[in-house]
Amino acid sequence: MNSVQGLLAASVISIQNSCFIYPACQNCFSRLILDSRRFNCLKCGCTGEAKDASYRYRLSLKIADTNDLFDITVFGSCLDPFFGVTAENLQRYIQDFNQLSGETNTESSTRALVQAVETCFIGKRFLFGV
């Protein structure tokens, strides 16, 4: 992992994606390919049972400082304090919610999560390590 080269104080203008959690390889952090029973990492070849897949945060933002606009992606556990739980636990909560509510279409829970993330981040100023 690269070390921080500098700090950028900037405000979040928008959230660039609606998928904040992804199944991640424990070895190389790449996105896993999941099917109903297995996972596979195309980068390092790691495989396993889908139920054992780990999850990680990935939040893509458009931010602005006093002079410029930037697209930035924030990964990993540094987002745990903002979400209040690890990505793995949030994924589990979402799955449990969808099961308990009988949701076959996860659109409503996704929409609610996007709205909550937008409320938490848009218009707020943060210090980003770049």
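Colleague: Is Cys25 buried or exposed?
Modeller: This is a predicted model, where local features need pLDDT of at least 70, side-chain atom pairs count only at pLDDT 80 or more, and totals for chains, interfaces and linings use all residues. Residues are numbered from 1 along each chain as its sequence is written, and side-chain values use heavy atoms, without hydrogens and water. Buried means under 20% relative accessible area, exposed over 50%, and partly exposed in between (1.4 Å probe, protein chains only). Cys25 has a relative accessible area of 1%, so Cys25 is buried.

Colleague: And how does Cys28 count?
Modeller: Cys28 has 22% relative accessibility. That makes Cys28 partly exposed.

Colleague: How many disulfides does the structure hold, and why?
Modeller: A disulfide is a pair of cysteine sulfur atoms within 2.5 Å. The closest cysteine sulfur to that of Cys25 is in Cys44, at 3.5 Å, too far for a bond. For Cys28 the closest is in Cys41, also too far for a bond at 3.5 Å. The number of disulfides is zero.

Colleague: What share of the protein chain is buried?
Modeller: The protein chain has 130 residues. Its buried residues make up 35%.

Colleague: What pattern does the protein chain follow along the sequence?
Modeller: Helices (H or I, at least four residues) and strands (E, at least two) are DSSP runs, numbered from the N terminus. The protein chain has three helices and eight strands. Read along the sequence, the pattern is β-β-β-β-β-β-β-α-α-α-β.

Colleague: What box do the C-alpha atoms fill?
Modeller: The box is taken along the principal axes. For the protein chain, it is roughly 50 × 35 × 20 Å.
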